[in-house]
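This report describes selected secondary-structure elements of one model. The sequence and structure are displayed first.

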Amino acid sequence: MDYHRTSIDDVAPGGESFPGRPAVDSNAAGHRSSPHSPAAMDAAAFHAASTRILTAINTVIDGKAEAAQLALTVLLAQGHLLLEDVPGVGKTLLAKTLARSIDCSVSRIQFTPDLLPSDVTGVSIYNQATRSFEFRHGAVFANIVIGDEINRASAKTQSALLECMEEHQVTVDGTSYRLDEPFMVVATQNPIEMEGTYPLPEAQRDRFMARISMGYPDRESEMEMLETHQASSPLARVSAVVTAAEVAAMIATVQQVYVSRSIKDYTVAVGRATRESKLLRLGASPRSMLQLLRAAKATAALEGRDFVLPDDVVSVAEAVLAHRIILDRKAASAGETPQSVIRAIIAKIPVTPDVAASPNGAGRPARNKASALAPAPAPQLPNPH
Amino acid sequence: MTLAPQRNSGPDAGTSAPDDPTVQPPAMASRPDGPGAQPWVMASAVAVAVAGAALGFNGVLRGWAWYSPVFTTVLAVAFSMATLRALRAPRWIVAAGGLASLILALTFTFFRKYSIAGFIPSSDTMNYLEKFLRRASETVLAESTPVAPNAGIVMLICAVLGLLVILVDALAFPLGLPATSGLGILAILVVPAMVKPQSVGVLGFVGAAVGYLMILGCSHWFTPAARTRADTARDPGQIRRGTVTAALALTLTLLLQTVIPGFDQGTFPQGSRLNPFGSATGLNPMISLGNSLRSPTGEGRITFATNAPAAPYLRSVTVDSFDGDSWAPDDRESSRRQGTGRIDAGLDSTVTEVRVITAVNTGQFTSPYLPAPYAPESVSGLTGRWSWDPATLSIKGVDTNSRDQQYLVTSVAPQLTAGLLREASRPVSGIPEQFLRQPANVPEIVRTTADAVTAGATTPYTRAMAIQNYLRSAAFTYSLQSPVQGGYDGNGLSVLADFLTQKSGYCIHFASAMAVMARLQGIPSRIAVGYAPGRSTGATVSVAGQGALPEFEVDSRDAHAWPELYFPGLGWVPFEPTPSRGIVPAYATEAAAPSGASTNERTDALTPGDGSSRAPVPTFAPVPLPGAGTTTAADPRAAQALYGVGAVLLLVLLVASPRLARARVRRRRLSMSDRGNGGGPAAPAWAELRDLATDYGVAPVASETPRHFSRRLRVSGALGEPSGESFGKPSGADNPGQRAAAALTEDFEREQYGRPNPTAWTAGSGTAGVGTAGVGTAGSAGDIEPADPSDSAAARIALVQASLRANATLGVRLRAEWLPPSVLSGWRRSLPAPRQVLSRTAQRTRRGATEAWGLIRNTVRRVRRG
């Protein structure tokens with residue numbers, strides 16, 4: 001099969017089938033009970049659920065609370081997560097722990113150069129008994145899909161996964177198959193300088209809501225790890241602490257977090273600044289603005305608020321934006337990193353322009369009144385029980 | 001091949017742009033297809049140059065009122081030409097357009113009522129134009145600087161400057177001779193240089209220089225490449241050579257001036273009259289006298305023959321109102337009488353009268369007033385219509401002037417003696433009040449001097465003599481130079497004070513001093529202006545009925561002023577307080593008079609070598625006048641005290657005003673916040689918190705989130721020691737100020753970012769913060785009971801303020817209270833707003849210029865290479 005000339009959609013039906021390849025470990029059998037329009041949770045339940053998940057993760061991975069929180073944020077914001085770091089710092093462990101702590105279907109794809117798109121999406125095979133083609137689900141049919149070392153696969157296979165990520169559906173032989181909700185891809189990748197890797201193109205990196213670098217654990221955490229993880233894998237101790245339905249309800253709650261106009265202004269200002277920055281060759285896409293806001297909403301909900309603060313935007317901006325922008329050559333040689341550029345841009349943008357413009361604060365109430373009269377952009381939360 | 005029209009910019013673009021667009025060099029492609037900012041910058045440069053040079057006219061014309069029409073005219077012409085140029089009109093259309101706009105602007109400014117639609121000239125306009133021009137020519141001929149800016153002269157100046165704008169513009173840009181355009185500017189500067197005693201003046205010079213440099217700069221930036229090819233080459237020696245040349249020129253100028261005689265007296269240092277209409281020498285009063293006297297060559301020569309025993313004074317006009325900044329003759333047009341056949345002095349004295357017949361030939365002397373010996377009884381032989389003033393007996397042309405007049409004057413004067421004058425001590429009656437009116441604002445020194453000098457004198461005559469003798473005493477020096485150098489050349493009461501202090505001046509000062517002092521002593525007085533007795537020419541003139549009479553001549557150097565004092569029954573009596581000028585009349589000569597009659601020594605003080613020997617050298621220090629210094633102190637002291645109090649009040653107000661402003665702002669915000677029992681908007685309270693923090697040195701940053709700022713404030717120590725373990729989190733250990741700041745932040749966040757009508761989601765579970773991330777966690781909303789009156793915004797602000805005050809050092813506290821940075825920075829921000837606009841514009845201009853220059857340079861390079 002010529003990967004360079006054909007795309008996934010061109011794969012002939014019934015051509016080759018690869019059922020049960022060893023790299024694909026699909027336990028995506030049951031747990032597809034996520035409701036289509038789940039009811040939002042109340043604050044206490046939300047808080048309890050999120051605390052349970054984070055505690056579970058923190059028992060497995062020491063000293064990575066921030067990464068854990070961000071992973072949960074991405075899950076609740078319906079995004080996909082890219083974990084990028086050197087081998088052996090616990091990327092896969094984090095992904096697995098997150099998946100395990102939720103009682104939902106999980107599949108793991110170990111990406112290798114010879115992995116085929118149909119391994120990911122599934123394939124139609126001819127059933128002799130029924131004399132018809134039937135679709136064999138690929139590994140992507142799960143609530144949480146762990147794509148391990150995604151940058152080891154060929155571009156074509158990467159694309160197959162990424163299409164699913166964007167559209168939450170799989171199309172094989174002209175038939176579309178809806179993926180389960182919640183659906184989250186947690187991909188890990190080694191830094192692109194490593195041997196035998198196909199770096200993700202910009203367009204595909206853009207599909208991931210956030211990228212997290214795990215980083216090495218600090219001294220105490222590492223000592224702790226050596227102490228506790230010797231005998232057994234800590235993963236074994238993790239059991240599901242929330243159900244998929246609960247996660248869906250949490251997602252619904254996050255969706256109803258209120259975003260005021262000035263937050264939208266601020267978000268747009270950040271995006272525009274990345275596009276106008278002289279240090280950047282490529283700024284943040286409009287899609288990334290949407291994802292930034294969604295991540296901020298999830299952060300706000302995790303903080304126990306039903307409205308977004310600029311702090312929420314700031315706290316996720318680096319993780320959400322840094323992997324999408326491309327540094328200018330000069331900036332790169334000057335030692336800038338995408339993270340440092342994002343930080344510099346954030347440090348320059350006025351948070352609430354009207355406060356900065358009128359030091360007296362005069363005229364503010366009038367403006368607020370005006371915005372209050374405007375139709376509320378976010379839907380009202382249903383009454384909690 | 002397309003036949004797209006080739007758009008050429010600039011006059012010489014045709015030569016460099018090939019006709020075939022397919023072989024068009026890349027240079028042309030990058031050339032901007034419009035003239036861009038060029039015409040506008042050029043027009044500004046020309047306008048600045050001309051309007052700047054016109055600043056020098058201040059002093060030629062009185063005041064500044066004339067400048068606004070001048071300025072608008074210059075702008076109108078310059079920018080209409082720029083508009084045409086921007087529209088790529090041909091050169092001649094640009095010039096014609098400039099001319100047209102000049103005409104329209106002039107019509108609009110000066111003949112609005114007599115034109116079509118307010119700006120289109122009509123035949124009516126022409127009539128008035130003629131009138132205006134006549135007025136202007138009269139002004140130039142007859143008046144002296146600074147002239148009152150009448151419509152005629154201002155219109156003339158506007159027209160000339162408008163034409164100069166067109167000329168300068170044409171020289172600088174289409175003709176490509178920017179350096180030559182300086183001639184046009186120089187033409188403007190010549191006028192004040194010639195006319196004003198202070199020459200051009202700093203303003204005019206700086207204005208002209210700036211404009212000229214702008215023109216040179218603009219032409220350098222914008223001239224099409226071909227023309228500047230030769231001199232745009234980089235030349236490292238350019239500046240050095242320029243400096244050396246300038247230094248040489250400057251040195252040479254400074255040296256030459258000392259070597260060549262006449263530079264300290266010639267036209268330029270002291271000024272002279274501008275005579276564009278020939279050698280006319282008007283003789284309106286006062287300042288022109290000084291200029292006339294300083295004139296190195298006599299102009300306006302008048303010859304006369306008389307049957308009087310000695311050459312008489314020729315009198316033109318009198319000045320009788322001593323009020324105002326500048327004295328001028330009061331024409332009293334309404335009371336003037338027509339015809340000169342019989343002039344009635346209104347004098348019916350019993351004293352023997354002397355009748356004198358004088359034949360005068362005015363030649364080139366041009367003035368509205370006719371010089372005649374006092375007191376004219378009849379004048380015959382005049383051409384044109386003339387009128388005379390019964391009060392002063394000045395004879396003035398109605399529709400003519402004194403140029404080329406030959407006439408015969410019969411004048412009658414009483415035969416006066418000292419004895420007659422001494423007896424004339426009756427109370428004054430029967431003369432117009434204006435001769436008696438004491439001027440307002442007489443400088444103290446004049447009054448005290450007059451009192452001191454006349455102390456002991458009983459009759460008007462003795463008082464007059466005392467004043468005359470005082471002024472003729474050795475303490476006073478006749479000098480044409482010291483008023484110029486001392487800056488009191490001219491007339492007016494303030495000049496008088498300077499004169500009495502410096503004790504040096506010329507006739508106008510002596511005459512006005514005596515006239516004013518006499519009036520202060522109750523003697524009616526006026527200043528007569530005319531000519532001192534001149535020199536005999538040696539020739540004789542035969543006058544009908546008189547035979548051959550000796551001929552005398554006077555010219556501008558004999559111009560003179562003298563006081564006339566009124567004595568009841570005797571009329572107006574001339575005195576001569578000016579030392580070394582004129583002839584002291586016999587009746588005014590006393591034994592006490594130091595020098596007696598003196599001849600008219602014209603040369604003194606004109607040639608420095610002579611002047612020092614001839615001028616009376618005081619052999620003793622002038623006796624200081626009693627009380628001159630002490631009486632003046634009384635009143636001013638009270639005034640000074642008043643001023644002092646005022647200044648202190650002002651200072652207090654100024655110091656308090658930032659504090660007051662701050663208090664006002666706070667009051668307004670808090671009243672806004674607490675409207676509707678605590679349910680008011682949180683934003684004003686938040687702004688107040690920010691400003692409070694600013695005042696105490698924790699200024700918010702624009703890119704800071706409210707929460708971050710609040711946390712920084714709380715941990716900064718400005719509100720007191722932050723409780724250690726709860727970094728950034730309001731906790732029980734926090735002090736009330738910190739809690740209040742957190743609560744204010746919370747309220748503001750909820751208002752600014754929260755739902756317009758909040759649901760119970762957060763309020764019910766505010767403590768649900770997941771405090772694991774580095775993000776600051778919310779202070780719990782549940783901590784704050786909205787209904788608690790002590791939690792009003794005002795109460796919280798008060799808590800924060802108290803906390804800030806308690807933890808600040810004395811210096812910070814004082815600054816926060818008296819010079820709050822939040823107020824001052826606001827003021828500072830608003831202060832340079834206009835300057836920022838200017839600098840932005842300048843920056844943009846510079847950038848445009850640089851770009852244009854780079855473009856030109858590239859083109860030049862390409863042309864060279866190709």
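The model is predicted.

**Sheets of chain B**

One open sheet of chain B contains six strands in the order S5-S8-S4-S1-S13-S12, paired in the antiparallel sense. Its edges are formed by strand S5 (376–380) and strand S12 (535–543) of chain B, each of which pairs on one side only. On average, neighbouring strands of this sheet are turned by 30° against each other, direction ignored.

A further open sheet of chain B has four strands, ordered S2-S11-S14-S15, again with antiparallel pairing. Strand S2 (314–319) and strand S15 (571–574) of chain B each have a single partner strand, so one side of each is left without a neighbour in the sheet.

| Strand | Partner strand | Bridges |
|---|---|---|
| S4 (353–361), chain B | S8 (406–414), chain B | nine |
| S11 (525–531), chain B | S14 (559–567), chain B | seven |

Within these pairs, Thr358(B) has Val409(B) in S8(B) as its bridge partner, and Ala528(B) has Trp562(B) in S14(B).

**Helix H5 of chain A**

Helix H5 (residues 155–167) of chain A has 13 residues and reaches 18 Å from its first C-alpha to its last, close to the 18 Å expected. Its buried residues include Leu161(A), Leu162(A) and Cys164(A). Among the elements covering the buried residues of H5(A) are helix H4 (117–121) and strand S10 (184–189) of chain A. His168(A), which follows H5(A), has a positive phi near 55°.

Methods
Residues numbered from 1 in each chain as written. Chains lettered and ligands numbered in written order. Predicted model: local features only at pLDDT ≥ 70, side-chain atom pairs only at ≥ 80, totals over all residues. Pairing = 2+ DSSP bridges. Helix = DSSP H or I, 4+ residues; strand = E, 2+ residues; numbered from the N terminus. Axes fitted to C-alpha atoms, helices over the stretch in contact; angles between N-to-C directions. Expected span 1.5 Å × (residues − 1). Buried ≥ 20, exposed ≤ 12 C-beta atoms within 10 Å, placed from the backbone. Contact = placed C-beta atoms within 7 Å.
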